[in-house]
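Q: Hi! I'm new to this one, could you walk me through it?
A: Happy to, let's have a look together.

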Amino acid sequence: MEQKESDVSPVPVEKISLREKAFFIEKNFFMERALEMILMFDQKGNIFYGNMAAGKKLEYEDKLCGRNISDIFPNTFKTSEDGFETDFAFEDKVENMVAYRKNNTCFPVEAKVIRNEEVPNTYLCVANDILEKEFLSREIEQVRQEAQQAAKVKSEFVANVTHELRTPVNGILGNVRELLSEEVDSHIEKGLRIIERCCGDMNKIINNILDFSKLEAGKFTLELRRFHFRNMLDYVKAQHINKITEKGLGFFMTVSPQVPEYIVGDELRIVQILNNLLSNALKFTALGKITVEIFRTAQINDKVELFFIVSDTGIGIDQADKEKLFQSFSQVDASISRKYGGTGLGLNICKQLVELMGGRVEVESEKNRGSNFSFSAWVGVAEEDMALLQEEDKSALTPAFSVGFGDGTKDVDPIREYGTRENQENLKRTLSKLILCVEMENWEKAEMFMETVKQLTEGAPREVSRLVLRLKMAIQKENYDKVTAEYNGLIEMI
């Protein structure tokens, strides 16, 4: 007849024979090889099993059996007439305890003590030495504090240095502009204009370093306010249109009608991103055009996503070099910084600013076929402007996209292909602007147009290439007579 579980009375611990205990240990022999310390003790606290790890850690070796659990954990277990006393809950959870070795030295452990269901009236303790873990935690905390202190010192240093640098630069700039307001010799004016430009470049570098430092330290915050979006774009356009058109490039800016008139965001930082992308487009584009397009691509409650695309027809970027674009203090090519200038911080700062606005930056480009930089930003819409948006048909939202490069074929741009009608017209137009700059002794702009001439004459006959090279050298030396001679020779050949 099968015996019910309720009919079986618990076996008193004193009736558990050594053979039964040994059988249990043998049955669970894997515990002997465990990395954790494993102890078994009875209701009086007497230890009747300790695995190899426990013996080694507690330095009892094979003399652990017969000791009391209060010898190992005196802060948790106390001996009493009935066995032991403890406030331990014997639940299936890990507690922090202190274990004592045979020589009374101690170390911290994470331990779990539960009632042993296999052998009635006994307890099972599994403990893990966390001395090394605590040591490493303290080391990590110390390193973290040292890193925080170093970051604080660096931030303070950068803030102080940039302030100290900006003071003399602005002093020089102010004096130069005062001199320019007076009548000065043309040669002196040219030098002053160069100093003025250098001071402006220096201030931009200082601002970039300060922004980068704040972003790295996590102390950069956006200043959100309501502003007129299209007025902001007019301001951006006014900053760049003269430089772009002077270089002979087309400049187009379009805004989707779904974009709100007023938005809530950090106007200064959106302008900073657009200025950086447009400056790069101008810097690396000698032919063609620069375009800016803005769309509204999504709306969630009082937030809308704006999508910006800045396209150019410049030198482009190889696929393999795209990863370097947004790294700090990095240029795609070492020759870039020598030829075009820059610290390599601008795009990295733009990327972090865009991410602070909840967006992301993407780039599509192909060598010698231009680049498309796009970024998105989530901005707010004020309550008084929300009604206008709600009246619009949601289906009219333009989906996010990136401007591509046609069908992916490698057709040569007729403007760049030497000898075509478009190429010759652009070449003559650029040369006329170049010689006008020379006549006005504006050598800096003459060099800018010379770069365009060089690109327009790529693949030209050897005689033309030689004339272009000699013309470039004459402009660099600011030799008016040689420039005129080489210019006339080039005009006769095209």
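Q: Let's start with helix 9. Which residues of helix 9 are buried?
A: This is a predicted model, by the way. In it, the buried residues of helix 9 are G346, L347, N348, I349, C350, Q352, L353 and V354.

Q: And what does that say about how helix 9 sits in the structure?
A: Helix 9 covers residues 346-356, and eight of those eleven are buried, so the helix is largely enclosed by the rest of the structure.

Q: What follows helix 9?
A: G358 does, and its phi is positive, near 80°.

Q: Switching to strands: what is the strand order in the open sheet of five strands?
A: The order is 2-1-7-6-5, and the pairing is antiparallel.

Q: Which strands stand at the edges?
A: Strand 2 (47-50) and strand 5 (95-100) do. Each has a single partner strand, so one side of each has no neighbour in the sheet.

Q: How are neighbouring strands turned against each other?
A: By 35° on average, ignoring direction.

Q: Back to strand 2, how many bridges join strand 1 to it?
A: Three, with strand 1 (residues 37-42) running antiparallel to strand 2. As for facing residues, L39 stands opposite G50 in strand 2.

Q: What lies between strand 1 and strand 2?
A: Four residues, and the two strands form a hairpin. In the turn, G45 has a positive phi of about 90°.

Key
Residues are numbered from 1 along each chain as its sequence is written. This is a predicted model: local features need pLDDT of at least 70, side-chain atom pairs count only at pLDDT 80 or more; totals for chains, interfaces and linings use all residues. Side-chain values use heavy atoms; hydrogens and water are left out. Two strands pair if DSSP finds at least two bridges between them. Axes are lines fitted to C-alpha atoms, for helices over the stretch in contact, and angles run from 0 to 180 degrees between N-to-C directions. Buried means under 20% relative accessible area, exposed over 50%, partly exposed in between (1.4 Å probe, protein chains only).
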